[in-house]
Protein chains: 2
Amino acid sequence: MDLRQLRTFEAVARTGSFTAAAAELAYTQSAVSQHVAALEASVGRRLLTRRPVALTEAGVRLASHARHVLLRLDVARTELAAQAPAPDRLTVAVTPTGFTGPVADLLARLSGTAVIRLLPLPAADCLRQLAAGDAEAAVLDGITTANQPIAAAEPGVLARHLVAEQPLRVLLPAGHPLAGSAGLDLASLRDARWVDAPLLRCDPAAVPGHPPVPTSGRLRYEGDDVAGLVRLVAHQLGLALLPEGLLVDHPGVAAVPLRSPAVVHRVELVHLPGRADAVRPLVAALHG
Amino acid sequence: MDLRQLRTFEAVARTGSFTAAAAELAYTQSAVSQHVAALEASVGRRLLTRRPVALTEAGVRLASHARHVLLRLDVARTELAAQAPAPDRLTVAVTPTGFTGPVADLLARLSGTAVIRLLPLPAADCLRQLAAGDAEAAVLDGITTANQPIAAAEPGVLARHLVAEQPLRVLLPAGHPLAGSAGLDLASLRDARWVDAPLLRCDPAAVPGHPPVPTSGRLRYEGDDVAGLVRLVAHQLGLALLPEGLLVDHPGVAAVPLRSPAVVHRVELVHLPGRADAVRPLVAALHG
DNA sequence: TCGCGTTACGAGGGTCGTAAAAATT
DNA sequence: AATTTTTACGACCCTCGTAACGCGA
């Protein structure tokens, strides 16, 4: 198993294309093909189907390991890089749904102290920025049981600080039979059709301890604005889950508190342990 | 950063010798030297001092990342290897202090069902056996706050099952001024001299949230039997921490309950998620 | 002097790009 | 036919072992 092959494989898996991966890594298509072939030979299994390019079962497993390994190695490189003497300019990568009121408060409390560059990105890219040293901190969010860290990366790789936890609401079209409930169990919605919004990180499939949501027939919303998601619910294209702090009123949409399982939407400020000094003002503003 | 170089570096860091690492990896000394030199050049930092061979600060950080990365890659390889149709022979690696009463109970409940090979090893080697596929399960132990998993490897790499949790006792020589206490705070023993027993995994430095214990002047006991440790305490060579289930009576030694911080000794049964079927009888016996 | 790590150098192997072929839509 | 992946092949580079060297005990 070779790291360059692994990196190439991860890029192919992520982009779904040999050609795109080649462009991203500045290789030729040919080299990408050879990398994947060599990797498959070395593990003795097909990792990808071709036309269309998709991960096999073995490929899914290896891709997961590869992401963790490559991220950690990026972190290692960044930690070992001769750290510049803490620029007074701080880059913070934020997920779209992580950027809630408490984060704005935090930044407001800091204004004047340092120049902050705010960089909204999907969660995976936030992590990559952090690992590559292109951002000093990130604001990540996810659904967890209360007081549990979100499953971002392996513990030990990142230092974490709690920013906020909020209860969740289930968004239903007003005409839905359960729209009038005072509270809902996710279990009672087992067969419901959910909108799949990967950028918004509020997927019921991400709820700890919840059975996988069927993927067939789901509408996939690749946008990152909450209003768009709400609009889809209003038009009865599926249900959605949202933290209370991100709710927007919309006619024809009911937001019923999620009663069970007992989970919350959690926002965390994370950074590399070795870069604690650069992030100190942020952390101080958070705790102060 | 190259994986072979990383593997070589880890071996040098672990063995403390270029020559030993070369022997272990079937390289020449020369190749090991070149690997380390290339790695140091690529990260731009010295990772090891020579004569004596020891990790620099940067080396410590990289070695930690390297261990995680290499372990995960071993796990990936094992998971992808064409799994043999579950032999009716199960290898279980156990740490010396993990092998307590409840584990013996577990094995007793299983006797007759399958042939079990029990393999006592230091914790790091247990993990290696598991990752390499040479053991189907491992019994690991460590000190944690109650209901928290022990810090063995990254979550997601291993599937875990709670076997037992036990309170801890502080072992003091009978003449010690605190030997008569009903309960002790670790904070009140900040300046005490502890016996360093790496194989017994009950080091106060391993207690979550506890400040590092000074390493100077500590006696290091490299054995793995509890009786030996107790004997050292009796002879006033230092204090020790032990779970109640492992206590042995010894004249001149008092075992005072640890009152604070609120931590326990926890034993877990772990295995690779992809190998759940092979371990099923064990897990069933555990829960049944 | 002995043990251990480093450096010089060359053979061998591996990797990537070019280019042509094959396969799928 | 166009697009995408695979294969063939060769130049280049990199890696490892041999062997000589440096350095400290």
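**View 1. The surroundings of DNA strand D.** In this predicted model, DNA strand D is surrounded by 20 residues, and the closest are A:Phe18, A:Ser30, A:Ser33, B:Ser30 and B:Ala31. Two or more residues of this surface come from each of helix 2 (18-25) of chain A, helix 3 of chain A and helix 3 of chain B. Helix 3 of chain A has the largest share, with 6 residues. Sorted by class, the surface near DNA strand D holds 6 nonpolar, 10 polar and 4 charged residues.

**View 2. The surroundings of DNA strand C.** Turning to the other view of DNA, 21 residues surround DNA strand C, with A:Ser30, A:Ala31, B:Phe18, B:Ser30 and B:Ser33 as the closest. Helix 3 (29-43) of chain A, helix 2 of chain B and helix 3 (29-43) of chain B each provide at least two residues here. Helix 3 of chain B gives the most, 6 residues. The classes come to 7 nonpolar, 10 polar and 4 charged residues.

**View 3. Helix 1 and helix 2 of chain B.** Here we look at how two helices meet. The axes of helix 1 (residues 3-15) and helix 2 (residues 18-25) of chain B come within 8 Å and cross at roughly 125 degrees, so these two helices of chain B are oblique to each other. The crossing of helix 1 of chain B past helix 2 of chain B is right-handed. On the helix 1 side of chain B, the contact is made by B:Arg7, B:Thr8, B:Ala11, B:Val12 and B:Thr15; helix 2 of chain B brings B:Phe18, B:Ala20, B:Ala21, B:Glu24 and B:Leu25. By class, this contact has 6 nonpolar, 2 polar and 2 charged residues.

Terms used: Residues are numbered from 1 along each chain as its sequence is written. Chains are lettered from A and ligands numbered from 1 in the order in which they are written. This is a predicted model: local features need pLDDT of at least 70, side-chain atom pairs count only at pLDDT 80 or more; totals for chains, interfaces and linings use all residues. Axes are lines fitted to C-alpha atoms, for helices over the stretch in contact, and angles run from 0 to 180 degrees between N-to-C directions. Helices (H or I, at least four residues) and strands (E, at least two) are DSSP runs, numbered from the N terminus. Angles under 35 degrees count as roughly parallel, over 145 as roughly antiparallel, 65 to 115 as roughly perpendicular and the rest as oblique. A crossing is left-handed if the near helix is turned anticlockwise from the far one by less than a right angle, and right-handed if clockwise. Two residues are in contact if their C-beta atoms, placed from the backbone, lie within 7 Å. Ala, Val, Leu, Ile, Met, Phe, Trp, Tyr, Cys and Pro count as nonpolar, Asp, Glu, Lys and Arg as charged, and the others, Gly among them, as polar. A residue is near a molecule or strand if its C-beta atom, placed from the backbone, lies within 6 Å of it.
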